[in-house]
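Subject: Structure for you to look at

Dear colleague,

I am passing on the structure below, together with some notes on what turned up when I went through it. Please read the notes with the coordinates open beside them.

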Amino acid sequence: MTVRRAAADDFEAIAELWRQFDHEVPPPTHEGPADVEQELSEVREIIESEIALVAEDDDGTPVGFALARRRAPGFGTLTDLYVSRDARRSGIGTE
């Protein structure tokens with residue numbers, strides 16, 4: 001397993017993982033389904049200008065991601081953390 005900084009060319013793999021997340025977790029009862037295009041636009045923006053990490057298995061296949069926004073020097077807010085179902089319980093989220 002490898003966790004590394006995500007680059008712009010990781011967008012499609014992270015977007016696919018985000019779609020898995022979106023299908024796995026039901027929307028809050030006070031909201032409807034997520035606006036996929038808006039959400040993926042935010043994912044792209046975070047990859048390009050904020051903090052984005054991608055986790056890969058030993059074959060180099062992306063199996064998770066973490067996204068965060070900078071808030072102040074040395075501080076940020078984790079906005080998304082997802083590990084694919086098959087890769088869970090392996091320490092990727094902790095890594």
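This is a predicted model: local features need pLDDT of at least 70, side-chain atom pairs count only at pLDDT 80 or more; totals for chains, interfaces and linings use all residues.

Helix 1

Helix 1 runs over residues 11–24, and its 14 residues reach 20 Å from the first C-alpha to the last, close to the 20 Å expected at 1.5 Å a residue. Its buried residues are Phe11, Ile14, Ala15, Leu17 and Trp18, and because they cover an arc of only 165 degrees around the axis, they lie on the same side of helix 1. On the face turned away from the buried side, helix 1 carries the exposed residues Glu12 and His23. The cover over the buried residues of helix 1 includes helix 2 (36–49), strand 2 (51–56), strand 3 (62–72) and strand 4 (75–83).

What does helix 1 supply to the largest nonpolar core? Within that core of 15 residues, the members that touch the most other members are Phe11, Ile14, Val43, Ile47, Ala52, Phe65 and Leu67. Helix 1, helix 2, strand 2 and strand 3 each supply at least two residues of this core, and the largest share, 5 residues, comes from helix 1. If residues up to four places away in sequence are not counted, Val43 touches Phe11, Ile14, Trp18 and Leu67. There is also a second, separate core of 5 residues, which includes Val63, Val83, Ala87 and Ile92.

The aromatic rings

How many aromatic pairs are there? The count comes to 2 aromatic pairs. In one of them, the rings of Phe21 and Tyr82 have their centres 5.9 Å apart and their planes at 65 degrees, so with the cut-off for edge-to-face set at over 60 degrees the pair is edge-to-face. Phe21 lies in helix 1 and Tyr82 in strand 4, so this pair ties together parts that are 61 residues apart in sequence. Phe21 is partly exposed, with a relative accessible area of 28%, whereas Tyr82 is buried, with a relative accessible area of 6%. Phe65 and Tyr82 also form an aromatic pair, which is tilted, with 6.2 Å from centre to centre and 45 degrees between the planes. That pair likewise links distant parts of the chain, with Phe65 in strand 3 and Tyr82 in strand 4, 17 residues apart, and both Phe65 and Tyr82 are buried. Through these ring pairs, Phe21, Phe65 and Tyr82 are linked into a cluster.

Two loop residues

Asp10 is found in the loop between strand 1 (2–5) and helix 1. Is Asp10 buried or exposed? Asp10 is buried, because its relative accessible area is 8% and the cut-off for buried is under 20%. The side chain of Asp10 makes a polar contact with the side chain of Arg4, at 2.8 Å, and, leaving aside its neighbours within four places in sequence, Asp10 is in contact with Arg4, Arg5 and Val54.

Gly60, by comparison, has its place in the loop between strand 2 and strand 3, where it is partly exposed, with a relative accessible area of 35%. Gly60 and Met1 are 59 residues apart in sequence and 8.1 Å apart in space, C-alpha to C-alpha.

With best regards

Notes:
Residues are numbered from 1 along each chain as its sequence is written. Side-chain values use heavy atoms; hydrogens and water are left out. Helices (H or I, at least four residues) and strands (E, at least two) are DSSP runs, numbered from the N terminus. The expected span of a helix is 1.5 Å times one less than its number of residues. Buried means under 20% relative accessible area, exposed over 50%, partly exposed in between (1.4 Å probe, protein chains only). The arc is that of the directions from the helix axis to the C-beta atoms. Contact means heavy atoms within 4.5 Å. A nonpolar core is a set of buried Ala, Val, Leu, Ile, Met, Phe, Trp, Tyr and Cys residues joined through side-chain atoms within 4.5 Å. A polar contact is a pair of N or O atoms within 3.5 Å; within protein, one must be able to donate a hydrogen and the other to accept it, and residues adjacent in sequence count only if both atoms are side-chain atoms. Rings of Phe, Tyr and Trp (its six-membered ring) pair if their centres lie within 6.5 Å; planes under 30 degrees apart count as stacked, over 60 as edge-to-face and the rest as tilted.
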